[in-house]
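Let's take a walk through a protein together, one stop at a time. Keep the picture open beside you and look up each residue as it comes along.

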Amino acid sequence: MAKTRTAKADASGATAQSVIALARTKGAQMLDLKFVDLPGTWQHFSLPIGELSEDMFVDGQGFDGSSIRGWKAINESDMLVVPDPSSAFMDPFTAVPTLSLICDIQDPITREDYGRDPRGVAKRAVQYLKSTGLADTAFYGPEAEFFIFDDVRFDQNAYEGYFHIDSREGRWNSGRQENPNKGYKLPYKGGYFPVPPADSLQDIRTEMVQTMMACGVDIEVHHHEVATAGQCEIDIRFCPLVTCADRMMLYKYVTKNVAWRHDKTVTFMPKPLFQDNGSGMHTHQSLWKGGKPLFAGSGYAGLSEMALYYIGGLLKHAPAILALSNPTTNSYRRLVPGYEAPVNLAYSQRNRSAAVRIPMYSPSPKAKRVEFRCPDASCNMYLAFAAMLMAGLDGIQNKINPGQPLDKNIYDLEPEEAAKVPTTPGSLSEALAVLEKDHEFLLRGKVFSTDLIEAWISYKRENEVDAVALRPHPYEFALYYDV
């Protein structure tokens, strides 16, 4: 039976007609269709705005998917992008007025959602949540950190390997001739909340925030972060899971392009600097049903039994989740025991060295949530958020006890006591090995597929783990050249 070409409103009230009306109102001349590849980077192509029609929101737009990372082989490369009307925004960086739409991916023959489309995974996770009857909405609120640098150079070949980063804020430039050097170079680990002029990026972050808000992203706060040399944080307001992942993709797009306007560069690489804080993405999450929060109760830290079981699922599956939420070899330069990172697989209402924290800022039941502190923003947002939700649901469904909270300072524990606290994997290779064994919870409701998980593990091992392991590290010359 042929699909009926009717523009149905989604949860936001957006329809094909309302998007076409927006394009007319804003004088759009081009249409940009965006989608996400397997590693988690936006891809796009553009069409004249005259190609936009109501039919496109049902029939989709064909494209060649053979060169998209982690996707189809060249002999089965024809695919469809199907725009989501709720995602429409005017691109703030194009010279010609351009309407942008985020798309889902479908097979052109079967018209089924493509199993390796990360956005489709996130949508299926939400559908699975609803099917359980436990809740109808998963709210997510990430706190992404990133660096704004002035210059970066790097290369790797058969006979040399190096990187060079520079920032006018960097402490290492305190003695550089800048004609004049005005000082105010932030100390290592001394960048938390200074006012300008030490915080030289206030206006750029504000421009990033205002640009995001103009594109429909609600923002809570922005500030300088702990590290020297331009570490920043902008927090979006919590929102439903798929919307949150969409907004985080837009977040990364805006921060990079605003920085580009100012002749600067943004990186979400978790650990670009040695001996200073890395960049994480603490992710707040809660379940609601019928407009009511489900994580507030009379248990520890004001949590409900459901919330504690959710934490139990997060902690049990955390090593597997990290293969998706901390998916780079560099992620594990940040997750090192004994430093600032939350590597302890425990929970606490105030201990920031625990992997799961329960924020205590507000007594309101609506504010009750759990904060998973391990992730970083190098992840594919759709896959990472979906994995966290599926782990939490497994905890609720199987009543996984999270154990006793870790309210002590982990660094004050006796060695015997500290050894009993499990920790995160020590490398991407270890995390992938855990995911290989522990992924049944992700397959429920056909949210993830075995094909996607195998493709993810294979891609990461071949293109990242092995690629890094095969190359000499520059510091190895300092250690071993004279052996």
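Let's start with a word we'll need a lot: a residue is called buried if its relative accessible area is under 20%, exposed if that area is over 50%, and partly exposed in between (1.4 Å probe, protein chains only). Now try it out on Asp-263, which counts as exposed because its relative accessibility is 66%.

Before going further, a note on what you're looking at. This is a predicted model, in which local features need pLDDT of at least 70 and side-chain atom pairs count only at pLDDT 80 or more, while totals for chains, interfaces and linings use all residues. Residues are numbered from 1 along each chain as its sequence is written, and side-chain values use heavy atoms, with hydrogens and water left out.

Back to Asp-263. You'll find Asp-263 in the loop between α5 (241-261) and β13 (265-267). Those labels follow a simple scheme: helices (H or I, at least four residues) and strands (E, at least two) are DSSP runs, numbered from the N terminus. Asp-263 also has a phi near 60 degrees, which is a positive value in a residue other than glycine.

Asn-179 has a positive phi too, near 50 degrees, and again this is a residue other than glycine. Asn-179 sits in the loop between β9 and α4. Is Asn-179 buried or exposed? With a relative accessible area of 71%, Asn-179 is exposed. There's something else to spot here: the peptide bond joining Asn-179 and Pro-180 is cis, with omega at about 5 degrees. Pro-180 belongs to the loop between β9 (161-166) and α4 (202-214). Pro-197 lies in the loop between β9 and α4 as well, and a cis peptide bond links Pro-196 to Pro-197, with omega at about 10 degrees.

Now let's go inside, to strand β14 (residues 281-289). Eight of the nine residues of β14 are buried, so this strand is largely enclosed by the rest of the structure. What does β14 pair with? Two strands pair if DSSP finds at least two bridges between them. Strand β7 (residues 137-149) pairs with β14 in the antiparallel sense over eight bridges, and there you can find Thr-137 opposite Trp-288. Strand β18 (residues 370-372) also runs antiparallel to β14, joined by three bridges, with His-284 standing opposite Glu-371. Then there's β15 (residues 292-293), antiparallel to β14 over two bridges. β14 and β15 form a hairpin with two residues between them, and Gly-290 in the turn has a positive phi of about 60 degrees.

Next comes the nonpolar core, meaning a set of buried Ala, Val, Leu, Ile, Met, Phe, Trp, Tyr and Cys residues joined through side-chain atoms within 4.5 Å. In soluble globular proteins, nonpolar side chains tend to be buried together. The largest core here has 124 residues, and Leu-52, Met-208, Leu-287, Phe-372, Phe-385, Leu-389 and Phe-448 touch the most other members. Helix α6 (residues 305-325) gives the most to this core, with 14 residues. Apart from this core lies another, of six residues, including Phe-147 and Ile-165.

Take a closer look at Phe-385. Contact means heavy atoms within 4.5 Å, and, not counting residues up to four places away in sequence, Phe-385 touches a list that includes Tyr-140, Leu-241, Met-248 and Met-281.

Our next stop is Ser-378, in the loop between β18 and α8. With a relative accessible area of 19%, Ser-378 is buried. Its side chain makes a polar contact of 2.4 Å with the side chain of Asp-376. A polar contact is a pair of N or O atoms within 3.5 Å; within protein, one must be able to donate a hydrogen and the other to accept it, and residues adjacent in sequence count only if both atoms are side-chain atoms.

Last, visit Asn-401, in the loop between α8 (381-397) and α9 (415-418). Asn-401 counts as exposed, at 62% relative accessibility. A polar atom of the Asn-401 side chain lies 2.7 Å from the backbone nitrogen of Gly-403. Leaving aside neighbours within four places in sequence, Asn-401 is in contact with Tyr-309 and Gly-312.
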